[in-house]
Amino acid sequence: MRISVVRLLICIAVGLPFARTSMAQEGMRDRGRNLGASQQIVSDLQKARFHYGSIYLLSRFELMDLGYDQSFYVPTQDQGNGVSLGLSAPHRLYFVPSKKVVLSGDFVPQYTIQTGKNHRSQFGYSSRADVQFLLNHLYLDAYGTHADSLKADTGEIDRLTTIRSTDVGVNGEIKYSSRTSATFSAAGRNLSHPASRIQPTDVAVELLDRKERNYRASIVHKTFPLTSLLVAGEWSDYTFTHATYKDATRRVASAGAIFDNGVTSGRLEVGEARLLFNDPTQHDFRGAVGSFEIARHPASRWSYGASATRDLEFSILAFNNYYIEDRVQASINHNATRSLSLRLSTQIGRDLYDVPAPDQNFIFRKRRDDISFTSVGWVYTFANRLRGGFDIGYYQRKSNFDVTSQNGIRGILHLSFTP
């Protein structure tokens, strides 16, 4: 009997966790040769609300506060003056012609509403197309994206800004053996801040318009029963449109570990980064960067998570072409009932500048910005279709320069509907 593509992928995804748990208990190494990407595809196909033959469609509608970022809850300054809401309708279409080839497309229309003294509304969108190959020892994803949408910049700008970007690239994984694999990615990106769209009026965001080329390769080896070690290298090239003195290359060499025992999972990667500017008069960077994340599910109703990152971001501040961005986040989630989830989270951020610049008193010193936001909230699910929630907390942003402090209570709204 011919086995359907979805049934085969589901069998792979369901069988792997049991195999891994059994081998972990016996002190054996993971002998599975299947690629992790197939599990994500299976998860999406199972969530599809519309299915016809080899075609699967996932759709939902969302109303969310634009100050919410997937990795960092920080309201921007625009939210202190009013309300910024975004209405979006993400759609994902899968076409699975065979068990080794998956085609997908994403389209997310967006409409934003702003209130306050700078009230303004705007349409936007983001789109993505992928061609994915799931071979015996190789996963390959060729993709292209295009976006023109309003986003919250929670770093130096601390404003809502419209970003227009186009990305073309490829990423993948090679499974050399049951214990060793290599991942790789190569992408080109054009990024701009169109003046005809919603932009901060007091910030020269156009200085960040640029073209990028980004490459990364890593080798992962399952050295211990529950822990894999990795080494990675990155190389990036930046060409700026309006600030050619920022043209630079970035190199990173890093190492780390991945741990997963079924209850606790974590990932650590640290390394040394070099940001070298083409203009010899500009200040280069050489120092440590890295990321850490851990998640724990000790009981069916409780889960904990924490993460920390240290990286570089380009700056528009005079005398400084970049700043060091440190972020720490921790959260606790409790499933009070099948429908109600409660959570507590705290986020701390710090932006450090390497080159002294004149402050409001014309005294040269290194700038430092500190951000924090601690909140409590809830999410309620109605019949697995409608999800709504609200977070409320205290937001604080301060700087040793002449920057207006943004302190006070902030609220974050979450609402989504899956047809």
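We will go from the whole chain to the cores and then to strand pairing.

Tutor: Happy to! Keep in mind that this is a predicted model.

Student: What about contacts between residues 24 or more positions apart? What percentage do they make up?

Tutor: Among contacts in the protein chain with a separation of 6 or more, 56% are between residues 24 or more positions apart.

Student: Let's go inside. Which residues have the most contacts in the largest nonpolar core?

Tutor: That core has 19 residues, and the ones with the most contacts inside it are Leu275, Phe277, Phe285, Leu312, Phe314 and Tyr322. At least two core residues come from each of β14 (227-240), β15 (248-260), β16 (264-277), β17 (285-299), β18 (302-314) and β19 (322-335). The strand that gives the most is β16, with three residues.

Student: Zooming in, what does leucine 312 touch, leaving aside neighbours within four places in sequence?

Tutor: Leucine 312 is in contact with Leu275, Phe285, Tyr322, Tyr323 and Ile324. There is also a second, separate core of 10 residues, and among them are Ile41, Ala48, Tyr94 and Leu134.

Student: Nice. Now pairing: are β18 and β19 parallel or antiparallel?

Tutor: Antiparallel, with 13 bridges between β18 and β19. In that pair, serine 307 sits opposite glutamine 329 of β19.

Student: And how many bridges join β19 to β20?

Tutor: 12 bridges link β19 to β20 (residues 340-352), and these strands run antiparallel. They form a hairpin with four residues between them. Serine 331 faces serine 345 in β20.

Student: Which residue in β8 is the bridge partner of arginine 92?

Tutor: Aspartate 106 is the partner of arginine 92.

Student: Last one: how many bridges join β8 to β9?

Tutor: 13 bridges, again in an antiparallel arrangement, with β9 covering residues 121-134. There, isoleucine 113 stands across from serine 121 in β9.

Notes:
Residues numbered from 1 in each chain as written. Predicted model: local features only at pLDDT ≥ 70, side-chain atom pairs only at ≥ 80, totals over all residues. Heavy atoms only, no water. Pairing = 2+ DSSP bridges. Contact = heavy atoms within 4.5 Å. Core = buried A, V, L, I, M, F, W, Y, C linked by side-chain atoms within 4.5 Å. Buried < 20%, exposed > 50% of the residue type's maximum accessible area, 1.4 Å probe, protein only.
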